[in-house]
Amino acid sequence: TMKGFIEKAVLKSCQVIAFPEMCIGGYLLGDRWTEDSWCSELMAYNDVLKTYSENIVLIYGNVHADEQHKNKDGRCMKFNAAYAFYKQKPLRASAHFPMGLTVKTLLPNYRIFDDERYFLSLQEYALASGIPLEELIAPFEISIDGKNRKIGVEICEDLWFNDYSYKGKPLNVSRCLIEKGAEVLINISSSPWTYGKDKARDNRIKDLQKDTPSFVPFYYVNCVGTQNNGKNMVVFDGDSTVYNKKGEVAATAREPYEEELLVYKSG
């Protein structure tokens, strides 16, 4: 499915394509995340996917398992991650992580979400490694058509910055990426449908725009379909949306619950 969308995007002369959070194996999978063999299987697809990036920047969500270090549960350290490739090579974000990789900063731990049970947040990693969080949050750097560009990639909950604090202030991942030169922001999400979610998200984008002196185009890429975490069947409506520099809706998916290639050219 991803290969088909990539081919369509290349035909439409798109320079970048992004897929949702944990789109390879799913996100709300419950204790399957404790299975190291499952995580290894999902990571093996990275080698396949990078071959599709010859003519387009490819960004998508997948697990990253670090077998050299232990997580809080004694198993190998796992991250909810975003990967980025171009011309079959990984892009550089933070120098403290492997090439082609950035990880989720804010982990939801309420209602159906249990991220802290399975993954290490970027904030926790910063504390454990002794590296300032500000050094770990960085956009991907790339050369497209001879121009050096920076693309800020964040993951789902990173958008809801007012719910988390850092040094006594809201932890605004978007602002940090923009201050480091990001020209666009891409938020890859697996955000379930709830009543009033669109309005709530639009309001949060407005909050971001007000809290960030020089806001940039913001691409929200959300999952479509149903997932089963062992306790709940969870529905994702998609509704991927592009916001302009004013925090206003500039484009949106045509139909809920339908996979779609949403194409938008930012200024």
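**A close look at N187**

Modeller: Leaving out residues up to four places away in sequence, N187 touches E154, I155, C156, L159, F218, Y219, Y220 and V221, where contact means heavy atoms within 4.5 Å. Before we go on, a word on what you're looking at: this is a predicted model, where local features need pLDDT of at least 70 and side-chain atom pairs count only at pLDDT 80 or more, while totals for chains, interfaces and linings use all residues. Residues are numbered from 1 along each chain as its sequence is written, and side-chain values use heavy atoms, with hydrogens and water left out.

Back to N187, which sits in strand β10, residues 184-189. Helices (H or I, at least four residues) and strands (E, at least two) are DSSP runs, numbered from the N terminus. N187 counts as buried because its relative accessibility is 0%; buried means under 20% relative accessible area, exposed over 50%, and partly exposed in between, using a 1.4 Å probe and protein chains only. Its side chain also makes a polar contact with the side chain of S189, at 2.5 Å. A polar contact is a pair of N or O atoms within 3.5 Å; within protein, one must be able to donate a hydrogen and the other to accept it, and residues adjacent in sequence count only if both atoms are side-chain atoms.

Now try K3, which lies in helix α1. K3 is partly exposed, because its relative accessible area is 40%. The side chain of K3 has a polar contact of 2.6 Å with the side chain of E7. K3 and L49 are 46 residues apart along the chain, and their C-alpha atoms are separated by 8.0 Å.

What about the rest of that helix? In α1 (residues 2-11), the buried residues are M2, F5, I6 and A9. They cover an arc of only 100° around the axis, so they sit on the same side of α1; the arc is that of the directions from the helix axis to the C-beta atoms. Those buried residues pack against β1 (16-18), α2 (36-49) and β2 (57-70). After α1 comes S13, with a positive phi near 65°.
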